[in-house]
Amino acid sequence: MMNNTEQNANANSAMPSLELMNEVQQFLYREARHHDNEEFRDWLDMLTEDIHYWMPYRYQRYRRNEKEPTILDTAYYNDDMDCLVKRIIRTETGTCWSEDPATRSAHVVTNIEVELTDNPDEFTVYSLNTVHRNINEDESHTMVGHRTDLIRRVNGVLKLAKRKIILDQNIFTNKSLNVYL
Amino acid sequence: MPINNNGSRPDFSRYMDIDEGWVDRRIFWEREIYERELEQIFAKAWQFIAHDSMLPETNDFYTTYMGEDGVIASRQKDGSVRVFLNSCTHRGNKICYADDGNTRNFTCNYHGWAYGTDGELKGLSNEHVYDEGDIDKSKWGLQQARVDSYKGLIFATFDEEAPSLEEFLGDFRWYLDIMLDQDDGGTEFIGGGIKNYINANWKFGVENFVGDAYHALWTHDSGFKAMNNNQGFPPADPTGSYHASVNGHGWEFGTDGLADIAILGQPKVLEYYEKMRPKMAERLGEMRSKIFGSLASVSLFPNCSFLPGIQTFRVWLPRGPHKFEMRMWTIVNKNMPDEIKQAINIGCMQTFNPAGVLEMDDGENWEGNTSVNKGIVTRKGKLHYGCGINRRIEHEELPGIVYSSQFNDSNQRLFYQRWADMMNADKWSDVPTRYTPRYTGKKTV
């Protein structure tokens, strides 16, 4: 379930440099900070134009019946740049009542692994994103996303090109998913 | 009005006055009322179980709930579907822990009692520990529900006395065909589905879809602008739009054929339907072809809803008085090109799921509607349901109880009237039919 075979097909077994690992780590932390601070336009700048942001439905089946989600199935997110921009526009309208007062969130990114690919400008990056959300008077939720990213160097700068997020819940236990996993 | 405190029968019609236009808040909070709902509504009414397309092959199964009773829907060799309790008759453990899949039997994890996909008890592990005569396996199968279907939607009830599904749906079939029979080949669900919990009373979800066009303009202003190039909803136009109610099922709708499809934010879907509309009109008549795609929402009593045009389809499964599980899918026409199915699925999911730009604002409201009733003073108050109370009309084409203007509380009032009718009834024959049927025994296409 965690492995994205499509991305792994190009895996290069050489170790990434410490410098690259540091750069990727800083990239993911910066992204998390933009999310915590609701700096969504800054976040969009960290994505490539051909971004695919995907958080599929997770089947809960017997092992003998296991089934991988496809991009044709239902999904929490199955977004291109246009879709993501629409989500951000919603928060900028001034009439997004459920976001006022603002959501308090902490995006904690851990378990970062960088894998080289055959393309020297593209890296497969695994990470775990634990998001703590606190809203309204005292409603507190924790959500965990297992992420497989494709990060690409564009004009010398790292950008997120693909993200697949696997939620560790079957029934999503919250009324809304207004934070990015 | 405490229930049964003096041994008298409770009268649930006292929790509302649909002529004055109010509903008592306690029906959204009190545990005794909820327990009564499980007994009077969820153990008696026909409920949506699954779409045919979710169980395409023999031995495919899907697990869900009727009220809080876990059930398994299972496709039989002869193509029919059986629905039975998901609980072993030995010590009661669940016999299926998966959401769906394909199996030759359901075997209990506890002692290995094995049931066929027909729900009959087939075998016991280490059967020799039983003496002859200890158990007659033919008497210890799983309790079966009655099952019927309407144009791809599978329904079940645990009440042998319930009227036929056709009578339960009544003239609402005329409206359902707008969604289910607009094209040769009918409908299917896109693979997967999303499930989430909302800490609200289940009726708030159902009543929102049964008739609440009003909230869309305010609650969803931000989501609508996001999906529609920063343009808000057009101002509320009470002309050319309606509420229609049949046996507590309700459809609120405009007749521009456009607004809900536009919310998908997928221009090629709009184009597709524009090309298809003359065919739809030929099949369903001009009026029904214009209802499809307009600003609209629908609920089937008691707990199934959908949005024609946006194509989200869902059930609201009760999980106690203050919590429900929402299960949602995308419904499409089987004969649509894959590219259109996918565009609808993406637009539908982007608007209506826990991360949807419209849905995100709904759950927050319904949790607030519910949780405030923790307050004893708050709970004793009434809620206003009086919008459009004098707008009832007779319409030559539209069956059911019809009110003009989709900005109306009529379908909600009639949903709660049906709720009270069922809560009060000792048996199905005590549940009144409150509309004048036009299509009894007749096809609606």
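In this predicted model, chain B holds an open sheet of four strands, ordered S6-S5-S4-S7, with antiparallel pairing. The edges are taken by strand S6 (81-85) and strand S7 (100-102) of chain B; each has a single partner strand, so one side of each is left without a neighbour in the sheet. From one strand to the next, the twist averages 25°.

Within this sheet, strand S4 (residues 60-66) and strand S5 (residues 69-75) of chain B run antiparallel and are joined by six bridges. In general, strands of a sheet pair through backbone hydrogen bonds, either parallel or antiparallel.

Another antiparallel pair in chain B consists of strand S11 (residues 146-150) and strand S12 (residues 153-157), with five bridges between them. Here B:Val147 faces B:Ala156 of S12(B) as its opposite residue. S11(B) and S12(B) form a hairpin, and two residues lie between the strands. In the turn, B:Lys151 has a positive phi of about 45°.

The remaining topic is the contact between the chains. Chain A contributes 32 residues to the contact and chain B contributes 41 residues. On the side of chain A that touches chain B, the elements giving two or more residues are strand S3 (75-79) and helix H4 (81-92) of chain A. H4(A) supplies the largest share of that side, five residues. By residue class, the side of chain A that touches chain B comprises 15 nonpolar, 11 polar and six charged residues.

How values were computed: Residues numbered from 1 in each chain as written. Chains lettered and ligands numbered in written order. Predicted model: local features only at pLDDT ≥ 70, side-chain atom pairs only at ≥ 80, totals over all residues. Pairing = 2+ DSSP bridges. Contact = placed C-beta atoms within 7 Å. Nonpolar A, V, L, I, M, F, W, Y, C, P; charged D, E, K, R; others polar. Axes fitted to C-alpha atoms, helices over the stretch in contact; angles between N-to-C directions.
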